[in-house]
Amino acid sequence: MRTKSVGKKKINVVTLGCSKNVYDSEVLMSQLKANGKEVVHEDRGDIVVINTCGFIDNAKEESINTILDYVEAKNRGEVEKVFVTGCLSERYKPDLIREIPDVDQYFGTRDLPILLKHLGADYKHELVGERLTTTPKHYAYLKISEGCDRPCSFCAIPLMRGGHVSTPIEKLVLEAQKLAKKGTKEIILIAQDLTYYGLDLYKKRALGELLKELVKVEGIEWIRLHYAFPSGFPEDVLDIIREEPKVCNYIDIPLQHINSDLLKSMKRGTTHEKTNALLAKFREKVPDMAVRTTLIVGYPGETEERFQELKDWVREQKFDRLGCFTYSHEENTGAYVLEDDIPQEVKEARVEEIMELQSQISWEKNQEKIGKVFRCVFDRKEGNYFIGRTEYDSPDVDNTVLVSADETYISIGEFAEVKITSAEEFDLYGELI
């Protein structure tokens, strides 16, 4: 057994899941630091706080395995306390208490003040907008709203995050200003649904107004949009993307499927025809915009014919970026009453088919970039390469630009002009000019 330290306890925050969880962990860490606590992110600590994800089966499994690992570490005397927070804990708290009783305490997604109390800290209201960022210094996520009011039949997020609540524009601008003063150059707007932003506060969709204020923040060079909803998309945002140099020609808009019957069952509020019309509007208003989407395969009732329609559509649309996931049959969601009628091996084979198709599309698009010059920001150095991104690429999920570290030096977090010399499916190679 390890001897317990007499001095100050170090708190280790472990983050699982999406960028919204990253943001929440950063807020927690900032509060702890302001209370004089020693806090680390995914490092060694006396006390562990696990910020869990409960979105789909794989994420739940990862969260449970992480909890079990730290409980075992506690039983070996390697950590003193284990606390669990986040989406899994919000959704399955009674089950978790019963199944993994060795966790010291479970907290939900809106229990930050109570969690802080258990960690010997007070919630400081004056710290709103302050975060201890865990991303590289030059980029950060900015969560513009919490929760979701959409009725999507496959999604459990409203069960874990509650209804949609927008953060006021002035608070977000203040937060962006604080980030910029710390050296942040790129802010990535995140929410369960960017499209809905402002309806609760201003009785209208206000994403455009928010962008107009954020572009005024000195020091911020790129603003990127993640997780827009197709139904009710505010078209004035397209004009701002086109006209404002700081707003990246990029949008992440999860479309999920294209078959109209499945979209109706998913309660997405759109159809094949309306989706195509929206994508045509994107390309008409911002011809240079990279569109990233996410698809679900294996949803109940996805026949081979409906899957073929999806494949044909992906081939026709030629998305710049695309992710694909298997449908997860989640209790208490609208789709749970449907029969989960697609075998798992068929779901996985369909993911492979979509991603193989997208890989070819990505390769073709990347070949067109050879010889062109792009402004890139550089995130890190790996081996013999500096790894950067264009404005058409988000960190961790999209393409990268590799520049040889043998021939040149680039400061991490800096922007540089790069001429593309060769290209693969998801990587571009280039040289500084």
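Ala, Val, Leu, Ile, Met, Phe, Trp, Tyr, Cys and Pro count here as nonpolar, Asp, Glu, Lys and Arg as charged, and the others, Gly among them, as polar. The model is predicted: local features need pLDDT of at least 70, side-chain atom pairs count only at pLDDT 80 or more, and totals for chains, interfaces and linings use all residues. Residues are numbered from 1 along each chain as its sequence is written, and side-chain values use heavy atoms, without hydrogens and water.

**Exercise 1.** Characterise the largest pocket.

Step 1. On a 1 Å grid over the protein atoms alone, a pocket is an open set of points where a 1.4 Å probe fits, with protein on both sides within 12 Å along at least five of seven lines; lining residues have an atom within 4 Å of a point.

Step 2. Take the volume, the space filled by probe spheres set on the points, which are joined across faces, edges and corners. The largest pocket has about 1400 Å³.

Step 3. List the lining. It holds 50 residues; Cys18, Lys20, Phe55, Tyr227 and Phe325 lie nearest the centre.

Step 4. Sort the lining of the largest pocket: 26 nonpolar, 15 polar and nine charged.

**Exercise 2.** Which element gives the largest share of the lining of the second largest pocket?

Step 1. Define elements: helices (H or I, at least four residues) and strands (E, at least two) are DSSP runs, numbered from the N terminus.

Step 2. Locate the second largest pocket. Its volume is about 920 Å³. Among its 35 lining residues, Tyr23, Asp24, Val27, Lys143 and Glu146 lie nearest its centre.

Step 3. Assign the share. α1 supplies six residues, the largest share.
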